[in-house]
Structures are given as structure tokens and as C-alpha cells.
Amino acid sequence: MSSALDIIGPVMIGPSSSHTAGACRLGLVAHRLLGEDARTARVTLYGSFAKTYRGHGTDRALAAGVMGMATDDVRLRDALDIARERGLDITFATSADDAGHPNTARIELEGVSGARVAVLGSSVGGGSILVTEIDGMAVSVTGRRPTFVVLHRDVPGLIAAVTDVLAEVGANICDFHLARVRKGGDAVMCIEVEGPVDPLANKRIRRLRDVTTSIVLSPV
């Protein structure tokens, strides 16, 4: 099912929905997963991103997203200057490796408290994105709907406990993705839901045994 925005294009600072708006959204997902202002950002660009990132404003868009700016923020054009003013050390590197999609970026952030996150994602057209890795674990995050990203130990019964919480608050799960490093090791659930979410749901999930942390990503 396509929306009018899929046809017309996103509300954005140009020039490109894929190379600018999509890139900004990837940076914004990384920013929200970090949960604080970034001190350093290391961005690796692949495919078409690597070849045209300066001309299409991909570098500025990624910097804007990393700083928490949306696609229609007029400051996007000056994001690299703003990053320097804020003391954000952001660097860009290019890679000839095949990342699976021509518009792909790996964003590695370190926050002001020392927190870290690494995100791999692609701009898949019309400003839409797909995040495929968080901290080396395979995920599937579109950024279109509220999404619970639950880091946890891989133990029996935890999936049921998390989904029970969501059922009790009336959240309608529309997509679920699970990845783990190994049996009994670190794992991550990505759960997209429809409609507004009770803010207490995430607090309850965080209190579950064997949950390391849980973040709710609002739509980007």
C-alpha cells in the first residue's frame, strides 16, 4: 500500500529524496538509538552514496540527522558548520564493498557519556529507509511506525513476556524481527506497532528480567 507521500515525495530540504531525505532519516535513527548527543560520528558510505555524497548533500543530511534534525529542518544545509560549532567530530569515509544496496551508510556514534551505537542502513527510495544492522545484529527497522528496539539476553520466555506487555496496553504489533549473536547470548527484538503507544509500556519492558535496555523509536 502506497501513500500520497510515496508518490509525491517527502517534505524535505533537497536536493534528493534518496540521497538527502533518506540519509537524514538514517542519521536520525542512529541519534535516537544513542539516546544522547553524539561526541564523535564515523560514517562509511557505500555505492552511490560513496560516489555522489557531496553533490547531493548526503554528508550534510547525515550530519543533520545525527544531531537530531528532521528532513524539513532548514538548518540541514548548514549541518556541517553547525556540527563544528557544537564540537561534534564527524568524519566520512567511502568503501567499494558491496553493502547490498547502492545507497547505504554505516554510522558509528559515541555519545557525550561514552555510550556507543553502530547502525547500518539504506535509503531505499522516495525518502524511505531500512535499517538492517544495530551493533552488528541483523534487524529490520523502517522508521515508519513506533518501534520498540529491545536489547536482551537470549533466554526462553522473554519474547512472550515482551509481547504480553504490548498486548496488555493495546499495542497492535504489525512487524516483528529477532536476531541474536548466539544461543543464550546477546539478542535484539525490533517490534513495529501501529498507533499511539502507552509510555508506561517501555518502562515495564525495561524492568523485565534479562532485558538490557529498551528504546522506543518514534517515526522518522
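Among contacts (heavy atoms within 4.5 Å) between residues at least 6 apart in sequence, 69% join residues at least 24 apart in this protein. The model is predicted, so local features need pLDDT of at least 70 and side-chain atom pairs count only at pLDDT 80 or more, whereas totals for chains, interfaces and linings use all residues. Residues are numbered from 1 along each chain as its sequence is written, and side-chain values use heavy atoms, with hydrogens and water left out.

**Overall form**
- The secondary structure comes to 7 helices and 10 strands, taken as DSSP runs numbered from the N terminus, with helices being H or I of at least four residues and strands E of at least two.
- The radius of gyration, taken over C-alpha atoms, is 17 Å, which agrees with the value near 17 Å for a compact globule of 220 residues; the globule rule is 2.2 Å times the number of residues to the power 0.38.
- Buried residues, meaning those under 20% relative accessible area with a 1.4 Å probe and protein chains only, make up 47% of the 220 residues.

**Nonpolar cores**
- A nonpolar core is a set of buried Ala, Val, Leu, Ile, Met, Phe, Trp, Tyr and Cys residues joined through side-chain atoms within 4.5 Å, and the largest one has 46 residues, with L33, L45, L62, L88, I107, L109 and V131 making the most contacts inside it.
- Helix α2 (residues 17-34) gives the most to this core, with 8 residues.
- Leaving aside neighbours within four places in sequence, L33 is in contact with V117, V119, I134, V149, I215 and L217.
- Another core, of 13 residues, lies apart from the largest one and includes V150, L158, V162 and V211.

**Residue I129**
- I129 is found in strand β5 (residues 128-134) and is buried, with a relative accessible area of 4%.
- Beyond neighbours within four places in sequence, the contacts of I129 include G22, R25, L26 and V29, as well as V141, T142 and V220.

**Helix α7**
- The buried residues of helix α7 (residues 199-206) are A201, N202 and I205; they cover an arc of only 95 degrees around the axis, which puts them on the same side of α7, the arc being that of the directions from the helix axis to the C-beta atoms.
- The face turned away from this buried side carries P199 and K203, which are exposed, meaning over 50% relative accessible area.
- The cover over the buried residues of α7 includes β7 (147-153), α6 (158-168) and β10 (211-217).
- At the start of α7, a side-chain oxygen of D198 reaches to within 2.9 Å of the backbone nitrogen of L200.

Methods. A polar contact is a pair of N or O atoms within 3.5 Å; within protein, one must be able to donate a hydrogen and the other to accept it, and residues adjacent in sequence count only if both atoms are side-chain atoms.
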